[in-house]
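My notes follow, in the order I took them.

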Amino acid sequence: MEVIFNFSRYEELRQAVIQLLQENIDSELLYEEAEDLFDSWWNSNNHSGILNEDEKQRVWQVLTNEFGHKLVKAGG
């Protein structure tokens, strides 16, 4: 069963990622969990479909830049 997170603000997404980092899970699992959180946040905030894939990639890059190597996918 997939859990859908409904974040209304980017700050809520950040806090969820910080919580993941504090749980000290392995890097590949951390990346996957963070990506799932991000996708859920994106979908809940782009329900009208007005933002495009380029914008999605830009926001994901901001998030991964903020948390550095901890959110870099292992082997990639």
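**Entry 1: a pair within one helix.** I started with Glu 55 and Arg 58, which sit 3 residues apart in helix H3, so about one helical turn separates them. Their side chains form a salt bridge, with the closest N and O atoms 2.7 Å apart. I counted a salt bridge when a side-chain nitrogen of Lys or Arg is within 4 Å of a carboxyl oxygen of Asp or Glu. Glu 55 is partly exposed at 26% relative accessibility, and Arg 58 is also partly exposed, at 46%. For these labels, buried means under 20% relative accessible area, exposed means over 50%, and partly exposed lies in between (1.4 Å probe, protein chains only).

**Entry 2: what I am working with.** A reminder to myself that this is a predicted model, in which local features need pLDDT of at least 70 and side-chain atom pairs count only at pLDDT 80 or more, while totals for chains, interfaces and linings use all residues. Residues are numbered from 1 along each chain as its sequence is written, and side-chain values use heavy atoms, with hydrogens and water left out.

**Entry 3: the overall layout.** I found 3 helices and 0 strands, running α-α-α from the N terminus on. Helices (H or I, at least four residues) and strands (E, at least two) are DSSP runs, numbered from the N terminus. Of the 76 residues in the protein, 30% are buried. Among contacts with a separation of 6 or more, 66% come from residues 24 or more positions apart; contact here means heavy atoms within 4.5 Å.

**Entry 4: the other salt bridges.** How many salt bridges does a search of the whole structure find? It finds 5. One of them joins Glu 66 and Arg 14, with the closest N and O atoms 2.4 Å apart. Glu 66 is in helix H3 and Arg 14 is in helix H1 (residues 10-22), so this pair ties together parts 52 residues apart in sequence. Is Arg 14 buried or exposed? At 18% relative accessibility, Arg 14 counts as buried, whereas Glu 66 is partly exposed at 37%. I also noted that Glu 11, Arg 14 and Glu 66 are linked in a network of salt bridges. Glu 12 and Arg 9 meet in a salt bridge too, at 3.9 Å from N to O; Glu 12 is partly exposed, with a relative accessible area of 27%.

**Entry 5: H2 against H3.** Two packed helices are described by the angle between their axes and the distance between the axes. Helix H2 (residues 27-45) and helix H3 (residues 53-67) pack at about 135°, with axes 11 Å apart. That makes H2 oblique to H3. From H2, the contact uses Tyr 31, Ala 34, Glu 35, Phe 38, Asp 39, Trp 41 and Trp 42. From H3, it uses Glu 55, Lys 56, Val 59, Trp 60 and Leu 63. I sorted these contact residues into 8 nonpolar, no polar and 4 charged. My angle classes were under 35 degrees for roughly parallel, over 145 for roughly antiparallel, 65 to 115 for roughly perpendicular, and oblique for the rest.

**Entry 6: Phe 38.** I finished on Phe 38, which lies in helix H2 and counts as buried at 2% relative accessibility. Which residues does Phe 38 touch, not counting those up to four places away in sequence? They are Leu 13, Lys 56, Val 59, Trp 60 and Leu 63. Phe 38 and Trp 60 are 22 residues apart in sequence and 7.4 Å apart in space, C-alpha to C-alpha.

Note on methods. Axes are lines fitted to C-alpha atoms, for helices over the stretch in contact, and angles run from 0 to 180 degrees between N-to-C directions. Ala, Val, Leu, Ile, Met, Phe, Trp, Tyr, Cys and Pro count as nonpolar, Asp, Glu, Lys and Arg as charged, and the others, Gly among them, as polar.
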